[in-house]
Amino acid sequence: MPLWQIYHPENAFTDEQKESLAGVITEDNHRFVGIPRFYVNVFFHETKYMYIGGKRTTNFIRITTDTIARAMPTPEIRAQAMAGTEAFLAPFIKERGFDWEIHFDETPRDLWRVQGLIPPESFSDAEKMWLEENRPVPYYDVDPIVPFAG
Amino acid sequence: MPLWQIYHPENAFTDEQKESLAGVITEDNHRFVGIPRFYVNVFFHETKYMYIGGKRTTNFIRITTDTIARAMPTPEIRAQAMAGTEAFLAPFIKERGFDWEIHFDETPRDLWRVQGLIPPESFSDAEKMWLEENRPVPYYDVDPIVPFAG
Amino acid sequence: MPLWQIYHPENAFTDEQKESLAGVITEDNHRFVGIPRFYVNVFFHETKYMYIGGKRTTNFIRITTDTIARAMPTPEIRAQAMAGTEAFLAPFIKERGFDWEIHFDETPRDLWRVQGLIPPESFSDAEKMWLEENRPVPYYDVDPIVPFAG
């Protein structure tokens, strides 16, 4: 989380371009909202059958993003997030002649777990530790997990 | 947007059926809520491993839809949207003997961009222009995109 | 619904492990919130290009869940749902050495249809019938489906 899913036609990106784009998304998310880098998931899905307005296309990139870790509380922050995203995507998509579309969804923070752990509160000391170590580190005494007993 | 994702077993649809279904979804969305046709994204995902109630199935069509462009404010409009959807899907799914399930999600309009542009307000003059041209046309002086400077 | 989507690298699960995991998810959902078993959809998506923190990985399992049928109204219920999920997932993921992450989304119940039917109210007699028969059974006089006439 955020979870970026990139639906693309065959041969839209080389392996190197995928790695580069994933890196740019990660760094932008890290800098813009200060989240640990390992929070950023980027998945590429080659999608053979894409239809826009009822017509099949092989020139379209569609990105969906589920955001969880950071609330975006003001219109200004939300507009800035989208503008920043478009800026770093442009060399990979717009400048290469693809059409594209993107939307973000916002999902509940309390229904999210990383490596079985409740992710630390935003900007907490525990989150700073996760950011510095760049991995999920236990930071509380984990209660025994008690599954529903039926 | 709306983004329709159709998860289906192997050989559920021919290329012609995919194109026809994408066209029907597009026309229904266009007529029902008056959106530009190119807003409608339909992606087909062949899904080999689908389990319903714990049993693997090769006879199930699952559709998810992310709706963004139009609010559906009343229970009547929401019920009508679902009923209309079932009606146009039936020849492609129900009448061919498949089981199926569908749900819509609603995502925030301000976290959505088409071709880098903020989509025009619903029923605005700019949206009418997009509808008539059937493509995203710049309709405002775009601010320089200023990515977060870190 | 719930719709579980499991994004995994190549060869993460055998067919037997997939069937077993889908069964465990189904039984847990059925016992924890009392829903009919056939409500539970589990799809596996082999994902070749997964990047975490900008680095490609072949050791990561990512699960997304869209929940619809049952509201989870209290923090305790929500925490218990996540803890129970981690417990039953562990033998398939954690104990086999994979990294993993999971999040749930909650989508509107009134924009959901199963086999064209409005799913019965939670804990209603009609839902009990669906649970016992383990399939969607008509339980109301279906209004003629009247698509939008344009």
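**Note on the predicted three-chain model**

1. In helix α1 of chain A, A:Val24, A:Asp28 and A:Phe32 meet A:Ala81, A:Gly84 and A:Phe88 of helix α2 in chain A. Contact here means that the C-beta atoms of two residues, placed from the backbone, lie within 7 Å, and helices (H or I, at least four residues) and strands (E, at least two) are DSSP runs that are numbered from the N terminus.

2. The model is a predicted one, in which local features need pLDDT of at least 70 and side-chain atom pairs count only at pLDDT 80 or more, whereas totals for chains, interfaces and linings use all residues. Residues are numbered from 1 along each chain as its sequence is written, while chains are lettered from A and ligands numbered from 1 in the order in which they are written.

3. Two packed helices are described by the angle between their axes and the distance between the axes. For α1 (residues 15-33) and α2 (residues 75-89) of chain A, the angle is about 150 degrees and the axes are 10 Å apart, where axes are lines fitted to C-alpha atoms, for helices over the stretch in contact, and angles run from 0 to 180 degrees between N-to-C directions. The pair α1(A) and α2(A) is therefore roughly antiparallel, on a scale where angles under 35 degrees count as roughly parallel, over 145 as roughly antiparallel, 65 to 115 as roughly perpendicular and the rest as oblique.

4. Chain A holds three helices and seven strands, and from the N terminus on its elements follow the order β-α-β-β-β-β-α-β-β-α. Its C-alpha trace spans about 55 × 40 × 30 Å along the principal axes. Of the contacts in chain A with a separation of 6 or more, 72% join residues 24 or more positions apart.

5. Of the 150 residues in chain A, 43% are buried; a residue is buried if 20 or more other C-beta atoms lie within 10 Å of its own, exposed if 12 or fewer, and partly exposed in between, with C-beta atoms placed from the backbone. Beyond its neighbours within four places in sequence, B:Ile6 is in contact with residues including B:Val42, B:Phe44 and B:Ile63.

6. Chain C can be laid on chain A with an RMSD of 0.0 Å by a turn of 120 degrees and a shift of 0.0 Å along the axis. The two copies are thus related as by a three-fold rotation axis, the superposition being by least squares on the C-alpha atoms of residues with pLDDT of at least 70 in both.

7. The contact between chains C and A takes 30 residues from each of them. On the side of chain C that touches chain A, two or more residues come from each of α1, β3 (49-52), α2 (75-89) and β6 (99-106), and the largest share, nine residues, is that of α2(C).

8. C:Met50 has its place in strand β3 of chain C, and it counts as buried because 21 C-beta neighbours lie inside 10 Å. Leaving aside neighbours within four places in sequence, the contacts of C:Met50 include A:Phe43, C:Tyr7 and C:Phe60.
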